[in-house]
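Hi everyone, thanks for coming along this morning. Let's look at a structure together and go through a few of its residues one by one.

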Amino acid sequence: MEGHPSKNTTFLNIEDLDVFLNKHDSNFIWLLVATILSCGWIIYLTYYNSRNIGLFLTLVINRLYKDGYIHIGSFSFSVLSGKVMFRDVYYINQDMSIRIQDGFLIFRWWKMYNPKQKQHDPKAETRLYVTVNGFEFHVYNRTDLYARLQETFGLEPTLLTTKKDEERGPEDQANTLESVNIKAESPEPTSSWRSLIPVIKLNIST
């Protein structure tokens with residue numbers, strides 16, 4: 001005949017543990033709260049922190065950039081390893097879209113810097129390594145052509161296009177000429193970021 005389980009059981013009893021901790025000037029409730037908070041913080045860092053950073057970056061970038069929409073699903077980085085990881089990134093404007101399923105970027109900051117190396121030497125030290133998975137690039141509009149068709153048929157313009165050269169004033173043309181002046185590359189290698197990152201290795205899969 002099965003009876004009730006005895007009080008002298010080998011399993012740990014919470015009340016006995018609480019009494020034991022109280023005798024040793026401890027508090028089981030505070031231990032339980034600290035354990036729960038620690039587990040919650042670890043779960044947040046593991047599953048939600050990178051997503052919240054991605055959401056924050058998405059809001060900030062789209063607030064500053066008005067010519068398209070940029071979305072970052074998750075973003076995380078490690079200063080010690082120089083690694084930046086991202087997921088579900090896409091850029092959409094009126095003419096094209098770029099989508100990246102996931103990828104990471106590694107900047108080997110611990111590599112020795114040689115200021116005398118050539119900036120465009122393919123055999124130079126690779127400090128920046130980029131891997132992209134699930135890369136998609138689509139061009140689905142030709143806004144300039146549609147704008148010409150609207151102008152030909154006398155339709156009301158509904159597309160955001162840049163001004164043509166003949167529609168710009170002399171001041172705008174002068175500013176354009178000043179903006180496209182090509183500056184010669186400085187012979188001093190330390191004056192360019194290419195001296196720090198002479199070669200960028202890019203790997204695109206699927």
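Let me start with a question: where is the place of asparagine 62? Asparagine 62 sits in helix α3, which covers residues 49–64.

Before going further, a word on what we are looking at. This is a predicted model, in which local features need pLDDT of at least 70, side-chain atom pairs count only at pLDDT 80 or more, and totals for chains, interfaces and linings use all residues. Residues are numbered from 1 along each chain as its sequence is written, and side-chain values use heavy atoms, with hydrogens and water left out.

Now the overall layout. The protein has 5 helices and 5 strands. Helices here are DSSP runs of H or I with at least four residues, strands are runs of E with at least two, and both are numbered from the N terminus. Starting at the N terminus, the order of elements is α-α-α-β-β-β-β-α-α-β. Of the 206 residues in the protein, 19% are buried. For that word, buried means under 20% relative accessible area, exposed means over 50%, and partly exposed is in between, using a 1.4 Å probe and protein chains only. Contacts, meaning heavy atoms within 4.5 Å, also tell us something about the fold. Among contacts between residues at least 6 apart in sequence, 50% join residues at least 24 apart.

Back to asparagine 62. Is asparagine 62 buried or exposed? Asparagine 62 counts as buried because its relative accessibility is 17%. Its side chain has two backbone oxygens to talk about. A polar atom of that side chain lies 2.6 Å from the backbone oxygen of threonine 58, and the side chain also reaches the backbone oxygen of isoleucine 70 at 2.7 Å. Leaving out residues up to four places away in sequence, asparagine 62 touches Gly68, Tyr69 and Ile70.

Next, please find strand β4, residues 126–139, where valine 132 lies. Valine 132 has 6% relative accessibility, so valine 132 counts as buried. Which residues does valine 132 touch, not counting residues up to four places away in sequence? They are Ile100, Asp102, Gly103, Leu202, Asn203, Ile204 and Ser205. Take asparagine 203: valine 132 and asparagine 203 are 71 residues apart in sequence, yet 6.2 Å apart in space, C-alpha to C-alpha.

Threonine 131 is in strand β4 too. With 12% relative accessibility, threonine 131 counts as buried. Threonine 131 touches Asp102, Gly103, Phe104 and Asn203, again not counting residues up to four places away in sequence. From threonine 131 to phenylalanine 104 is 27 residues in sequence and 5.5 Å in space, C-alpha to C-alpha.

How many salt bridges does a search of the whole structure find? The search finds 1 salt bridge, where a salt bridge is a side-chain nitrogen of Lys or Arg within 4 Å of a carboxyl oxygen of Asp or Glu. Aspartate 102 forms a salt bridge with arginine 87, and the closest N and O atoms are 4.0 Å apart. The pair links distant parts of the chain, with aspartate 102 in strand β3 (residues 96–107) and arginine 87 in strand β2, 15 residues apart. Aspartate 102 counts as buried at 18% relative accessibility, whereas arginine 87 counts as partly exposed at 46%.

One last topic: backbone angles.

Most residues other than glycine have a negative phi. Aspartate 88 has a positive phi of about 55° although it is not a glycine. Aspartate 88 is found in strand β2, residues 83–92, and is partly exposed, with a relative accessible area of 38%. Threonine 206 also has a positive phi, of about 45°, and it is not a glycine either. You will find threonine 206 in the segment after β5 (199–205), and with a relative accessible area of 74% threonine 206 is exposed.

Conventions. Polar contact = N/O pair within 3.5 Å; in protein donor to acceptor, adjacent residues only side chain to side chain.
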